[in-house]
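Here is a walk through one protein model, from the whole fold down to single side chains. Keep the sequence and the coordinates side by side as you read.

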Amino acid sequence: MSELGSTAGLEREIVALMPALRRFARTFERSPSDAEDLVQDAVVKALGNLHQFHEGTSMKSWLFTIIRNVYCSKYKINKRFVLCGDVEMVSGKQLMPSTQEWTLRASEVAKAISDLDAPKRQVLMMAIDGVSYENIAEACGCELGTIKSRIARARNSLMVSLGETTFSNAVTTA
């Protein structure tokens with residue numbers, strides 16, 4: 001049998017199994033539309049991976065496994081991301097100005113950073129942006145040890161101006 005003929009036969013077998021797939025999906029999803037979405041996602045995945053199906057095995061079992069795996073993947077994703085009906089959360093815009101302490105603390109930190117001398121501020125901001133110490137040293141034309149010292153002095157200056165005594169206190173209160 002040609003490759004095209006076997007693929008067409010497998011596709012016909014999938015179509016014939018659709019009622020069973022829908023019933024199986026209903027064991028995972030209560031809503032008929034959610035169950036139908038689950039079946040559609042699984043069938044799309046199956047059709048895209050027909051080359052992985054081994055002849056002689058049960059197409060029904062293969063498809064049921066795909067449905068279960070698709071459901072489990074979606075469940076894990078949905079568990080991480082909780083949808084919120086709150087307009088403020090959905091829009092990302094604050095309806096009222098925030099009066100929380102952390103916003104005040106952020107202003108204090110921004111002022112403390114702006115009060116640093118230029119070399120310390122420059123290396124600290126580059127480090128905050130995720131630039132490696134080696135790249136910072138190259139950009140500033142300094143030795144790696146000099147950059148490490150500047151960053152350490154900048155952090156210490158921030159701690160002093162923020163009134164913190166230890167680095168862990170500064171991190172947990174900020």
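Contact here means heavy atoms within 4.5 Å. Take the contacts in the protein with a separation of 6 or more: residues 24 or more positions apart account for 54% of them. This is a predicted model, in which local features need pLDDT of at least 70, side-chain atom pairs count only at pLDDT 80 or more, and totals for chains, interfaces and linings use all residues. Residues are numbered from 1 along each chain as its sequence is written, and side-chain values use heavy atoms, with hydrogens and water left out.

Start with the overall layout. The protein has ten helices and zero strands. Helices (H or I, at least four residues) and strands (E, at least two) are DSSP runs, numbered from the N terminus. Along the sequence the pattern reads α-α-α-α-α-α-α-α-α-α. Of the 174 residues, 24% count as buried. Buried means under 20% relative accessible area, exposed means over 50%, and partly exposed lies in between (1.4 Å probe, protein chains only).

Now turn to helix α3, residues 32-48. What span should its 17 residues have at 1.5 Å a residue? The answer is 24 Å, and the end C-alpha atoms are 24 Å apart, which agrees. The expected span is 1.5 Å times one less than the number of residues in the helix. The buried residues of α3 are Ala35, Leu38, Val39, Ala42, Val43 and Ala46. Seen down the axis of α3, these buried residues fall within an arc of 130°, so they line one face of the helix. The arc is taken from the directions that run from the helix axis to the C-beta atoms. The face of α3 turned away from the buried side carries the exposed residues Val44 and Gly48.

Which helix crosses α3? Helix α2 (residues 18-26) does: the two axes come within 9 Å and cross at roughly 125°. That makes α2 oblique to α3. Angles under 35 degrees count as roughly parallel, over 145 as roughly antiparallel, 65 to 115 as roughly perpendicular, and the rest as oblique. Axes are lines fitted to C-alpha atoms, for helices over the stretch in contact, and angles run from 0 to 180 degrees between N-to-C directions. The crossing of α2 past α3 is right-handed. A crossing is right-handed if the near helix is turned clockwise from the far one by less than a right angle, and left-handed if anticlockwise. From α2, Met18, Leu21, Arg22, Ala25 and Arg26 take part. They meet Pro32, Ala35, Glu36, Leu38, Val39 and Val43 in α3.

Next, look at Arg68 in helix α4 (residues 59-80). Arg68 is partly exposed, with a relative accessible area of 39%. Leaving aside neighbours within four places in sequence, Arg68 is in contact with Phe24 and Phe28. Arg68 and Phe28 are 40 residues apart in sequence, yet 8.1 Å apart in space, C-alpha to C-alpha.

Move on to helix α7 (residues 118-128) and helix α8 (residues 133-140). Their axes come within 10 Å and cross at roughly 145°. α7 passes α8 in a right-handed crossing. The contact is made by Gln122, Val123, Met126 and Ala127 of α7 and by Tyr133, Ile136, Ala139 and Cys140 of α8. Pick out Met126, which lies in α7. Is Met126 buried or exposed? Met126 counts as buried, at 18% relative accessibility. Not counting residues up to four places away in sequence, Met126 touches Val131, Ile136 and Ala139. Met126 and Ile136 are ten residues apart along the chain, and their C-alpha atoms are separated by 6.8 Å.

Helix α7 has another partner, helix α9 (residues 144-162). The axes of α7 and α9 come within 9 Å and cross at roughly 95°. That makes α7 roughly perpendicular to α9. On the α7 side, the contact is made by Pro119, Lys120, Val123, Leu124 and Ala127. On the α9 side, the residues include Ile147, Ile151 and Leu158. Finish with Lys120, in α7. Lys120 is buried, with a relative accessible area of 17%. Beyond neighbours within four places in sequence, Lys120 is in contact with Arg150, Arg153, Ala154 and Ser157.
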